[in-house]
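Subject: Structure handover

Hello,

Here is the structure I said I would pass on. Please open it alongside this email.

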Amino acid sequence: DQVAILVLDEADRMLDMGFIRHIRKIVQMLPQKRQTLFFSATMPKEITQLAESMLKDPERVSVTPESTTVERIAQRVILTEKSAKPGLLVEVIKSETIDRVLVFTRTKHGADKVVRQLESSGLPAAAIHGNKSQNQRERVLAQFRDGSLRILIATDIAARGIDVPGISHVINFDLPNIPERYVHRIGRTARAATDGTAYTFIAPKEQNRFARIEQLLGHEVTKVPVPAELGPAPEYKPKMRKPGGGGEKPAGGNRKSGGKRRYY
């Protein structure tokens, strides 16, 4: 009853991670007379609805346009078979001039697997994710910041809030489920008036999901050929949504699990 200011940071991720019920429970226990602040890098309709239910005559401040990418980021896409992604990652890291590279995977298990694959190729790497202790995450991030560790593998949740200067490259080893999350990922590079490069590896089954990312961006991302030594690449043929198809639908549980569905 003494709380005067309520701050919800990363509100969009709280909603995506299923914390909405907990947030509402906390809000119900707070004084009606208070100041409430929402911070969110994206403003999907679900967050807007949440804000309207908790805020009274709010002022909206936009620092940057929604879901836009930094113009200094050179975005590149490589279409490859899923099984060829580990070899492609090694090839890109070895061929690029990299200060620090942040590699995104969808799962914690996938992050650890990528670390093992890189180390077997002579590339020291470390991972941060929800199964790592706070001390482990802080130690790895400290090494990443001081440059003693050049390759960091992370999941979306673990990487949220990372602000490390000098990240020259971001690599999407796996595509994110939600198009807006792509913007969060690549925004880890090209900070403080520097340039950056973002690579995205796409397997044939991921083409449609990346097409929706391009729809969000408002332009196509440059496709670059897979290195010849890794074999021929599949043809890029995404099936675009038909006009009036309802657009991107929110995430909502696992497909065919308890009647809920997850939309990609």
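Below are notes on its salt bridges, its cavities and one surface patch.

The model is predicted, so local features need pLDDT of at least 70 and side-chain atom pairs count only at pLDDT 80 or more, while totals for chains, interfaces and linings use all residues. Residues are numbered from 1 along each chain as its sequence is written, and side-chain values use heavy atoms, with hydrogens and water left out.

Salt bridges

The structure has 6 salt bridges (a side-chain nitrogen of Lys or Arg within 4 Å of a carboxyl oxygen of Asp or Glu). Lys 85 pairs with Asp 174, with 4.0 Å between the closest N and O atoms. Lys 85 is in helix H4 (residues 85-95) and Asp 174 is in the loop between strand S7 (169-172) and H8, so this bridge ties together parts 89 residues apart in sequence. Helices (H or I, at least four residues) and strands (E, at least two) are DSSP runs, numbered from the N terminus.

Lys 85 also forms a salt bridge with Glu 206, at 2.9 Å between the closest N and O atoms. Glu 206 sits in the loop between strand S8 (196-202) and helix H9 (207-217), so the pair ties helix H4 to a part 121 residues away in sequence. Lys 85 and Glu 206 are buried, and Asp 174 is buried as well (buried: under 20% relative accessible area; exposed: over 50%; partly exposed: in between; 1.4 Å probe, protein chains only).

Arg 181 in helix H8 and Asp 156 in helix H7 are 25 residues apart. Their side chains meet in a salt bridge of 3.7 Å, N to O, and both residues are buried. Shared partners join Lys 85, Asp 174 and Glu 206 into one network.

Cavities

The whole structure contains 2 cavities of 30 Å³ or more. A cavity is a set of points on a 1 Å grid over the protein atoms alone where a 1.4 Å probe fits but cannot get out; lining residues have an atom within 4 Å of a point. The largest cavity holds about 60 Å³ of space, the volume being that filled by probe spheres set on the points, which are joined across faces, edges and corners. Its lining includes Asp 156, Arg 181 and Phe 104, and H8 gives the largest share, 3 residues.

Surface

Phe 39 lies in the loop between strand S2 (35-38) and helix H3 (45-54). Phe 39 is partly exposed, at 44% relative accessible area.

Regards

Note on methods
1 Å grid on protein atoms, 1.4 Å probe; cavity = no way out; pocket = protein on both sides within 12 Å on 5 of 7 lines; lining within 4 Å.
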